[in-house]
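Here is a friendly briefing to read alongside the structure. Take a moment with the view first, then follow the points by topic.

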Amino acid sequence: MSKFKKKKSGALPAISTASLPDIVFMLLFFFMVATVMRQNTLKIQNNLPYADQVEKLDKKDLVMYIYAGKPSANYKQYGSEARIQLNDDFASVSDIASFIAEERASKREELIPFLTTALKVDSDANMGLIGDIKYELRKVNALKINYTTKKGSVDQNQ
Amino acid sequence: MAKRAAPEVNAGSMADIAFLLLIFFLVTTTIETDSGLNRKLPPIEETEPPVIKQKNIFTVLLNGKDELLVEEELMEIKDLRQAAIDFLDNGGDGSCDYCKGKKDPESSDNPNKAIISLKNERETSYKAYIAVQNELVAAYNILRDRRAQELYGKSFAEMEANYDDVNWPGNKKKLKEQIEQIKLEYPQKLSEVQ
């Protein structure tokens with residue numbers, strides 16, 4: 001009978017960690033799939049306002065982004081007034097027309113009417129700047145716009 | 001000579017490598033916001049705007065101190081949605097058989113004549129502006145939802161979601177017509193004064 005008693009020992013067996021890599025890989029794949037690499041490095045504060053009647057922007061390749069807000073802490077030398085950012089740099093209102101033309105030129109011709117301009121504007125910016133941007137967009141006939149907002153109640157804006 | 005099995009590769013550090021990658025992706029991830037309020041800007045026109053009766057215009061003014069003035073009266077932002085619904089849904093001349101408003105002759109004639117005019121000043125803050133835009137869009141959405149429930153038994157948002165869904169099994173052409181019908185009954189006439 002001693003044949004069956006051979007393996008008996010007092011210590012608890014160690015928990016197998018062989019499946020740990022599997023779990024970590026699962027998480028890894030989730031983040032790899034969910035990650036969207038930022039296109040632009042923001043030089044401005046961009047704390048978006050809240051709204052609850054939002055529509056989703058689909059077709060990411062048909063969206064042109066215009067950012068606006070106060071220069072962030074690293075760019076204090078540009079002043080404390082809200083500024084426009086196009087691509088990776090500060091821009092003035094008059095640059096918007098050429099920016100739109102550039103974006104349009106990079107897209108296929110039949111897609112141009114579907115281009116949308118997303119305005120990612122800091123909630124503390126004033127409407128004077130937005131008004132100027134909108135007027136520039138009207139001048140170049142880029143009429144579809146989207147005020148990008150976070151999803152939430154408007155009460156959170158105060 | 002005895003045949004020896006190849007020694008097994010130690011996979012203990014696999015978890016470490018995976019963790020390294022995981023932490024890299026965790027740090028670089030920014031869940032980007034890609035939703036917002038869609039609006040359409042008016043084209044620049046040289047022609048004179050048509051004359052519109054004063055009672056068909058609902059003026060909303062947002063001044064430089066973020067105070068809301070609706071039809072020359074101060075109003076809280078939370079009351080704006082209901083005020084806009086009351087105005088749009090009024091149906092003053094009786095030509096609108098689906099309106100449920102008060103039919104006040106002093107207010108708008110018909111939803112397709114009613115215009116909301118939004119004016120802001122240069123000093124107005126963006127967040128206040130977005131809050132007002134949101135409430136006005138909400139007013140239209142509520143009316144459209146109500147009408148869609150009456151006619152087709154589902155909400156307007158649901159109909160639009162179905163239309164965009166490629167896997168939706170129903171008749172898309174018919175759905176498009178229904179959506180257009182509702183948009184015709186409650187057109188979004190939101191004008192912004194420059």
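N87(A) sits in the loop that links β4 and β5 of chain A. Please keep in mind that this is a predicted model.

**Loop residues with positive phi**

- The phi angle of N87(A) is near 50°, which is a positive value in a residue other than glycine.
- Most residues other than glycine have a negative phi.
- N87(A) has 15 other C-beta atoms within 10 Å, so this residue counts as partly exposed.
- You will find D66(B) in the loop between β2 (57-62) and β3 (68-70) of chain B.
- D66(B) counts as partly exposed because 19 other C-beta atoms lie within 10 Å, while being buried takes 20 or more.

**A sheet built from both chains**

- Which strands make up the open sheet, and in what order? There are seven, arranged as β2(A)-β1(B)-β7(A)-β6(A)-β3(A)-β4(A)-β5(A), and their pairing is mixed.
- The edges are held by β2 and β5 (89-91) of chain A; each has a single partner strand, so one side of each is left without a neighbour in the sheet.
- Helix α3 (residues 127-139) of chain A packs on this sheet, where it touches β3 (63-69), β4 (83-86), β6 (116-121) and β7 of chain A. The direction of this helix makes about 170° with that of β6(A).
- From chain B, α3(B) lies across β6 and β7 of chain A together with β1 of chain B, and runs at about 75° to β1(B).

**How β1(B) pairs with chain A**

- Strand β7 (residues 144-148) of chain A is joined to β1(B) by five bridges, and the two run antiparallel.
- Within this pairing, K144(A) has K40(B) as its bridge partner, and N146(A) is partnered by N38(B).
- Strand β2 (residues 55-56) of chain A also pairs with β1(B) in the antiparallel sense, over two bridges.
- Here E55(A) stands opposite G36(B).

**The side of chain B that touches chain A**

- In the contact between the chains, 42 residues of chain B meet 48 residues of chain A.
- The elements that give two or more residues to this side of chain B are α1 (14-28), β1 (35-40) and α3 (126-152).
- Which of them gives the most? That is α3(B), with eleven residues.
- Sorted by class, this side of chain B has 19 nonpolar, 14 polar and nine charged residues.

**The α1 helices of the two chains**

- Helix α1 (residues 20-34) of chain A and α1(B) have axes that come within 9 Å and cross at roughly 20°. That angle is under 35 degrees, so α1(A) is roughly parallel to α1(B).
- The crossing of α1(A) and α1(B) is left-handed.
- On the α1(A) side, the contact is made by L20(A), P21(A), V24(A), F25(A), L27(A), L28(A), F31(A) and M32(A). On the α1(B) side, the residues are M14(B), A15(B), A18(B), F19(B), L21(B), L22(B), F25(B) and L26(B).
- How many of the residues in this contact are nonpolar, polar or charged? The contact of α1(A) with α1(B) has 16 nonpolar, no polar and no charged residues.
- F30(A) lies in helix α1 of chain A too. This residue is partly exposed, as 13 other C-beta atoms are within 10 Å.
- F30(A) and S123(A) are 93 residues apart along the chain, and their C-alpha atoms are separated by 31 Å.

**Helices α3 and α4 of chain B**

- The axes of α3(B) and helix α4 (residues 156-164) of chain B come within 7 Å, with a crossing of roughly 80°. Angles of 65 to 115 degrees count as roughly perpendicular, so α3(B) is roughly perpendicular to α4(B).
- From α3(B), N141(B), R144(B), D145(B) and A148(B) meet F156(B), A157(B) and M159(B) in α4(B).
- The residues of the contact of α3(B) with α4(B) comprise four nonpolar, one polar and two charged.

Terms used. Residues numbered from 1 in each chain as written. Chains lettered and ligands numbered in written order. Predicted model: local features only at pLDDT ≥ 70, side-chain atom pairs only at ≥ 80, totals over all residues. Contact = placed C-beta atoms within 7 Å. Helix = DSSP H or I, 4+ residues; strand = E, 2+ residues; numbered from the N terminus. Nonpolar A, V, L, I, M, F, W, Y, C, P; charged D, E, K, R; others polar. Pairing = 2+ DSSP bridges. Axes fitted to C-alpha atoms, helices over the stretch in contact; angles between N-to-C directions. Parallel < 35°, antiparallel > 145°, perpendicular 65-115°, else oblique. Left-handed = near helix turned anticlockwise from the far one by under 90°. Buried ≥ 20, exposed ≤ 12 C-beta atoms within 10 Å, placed from the backbone.
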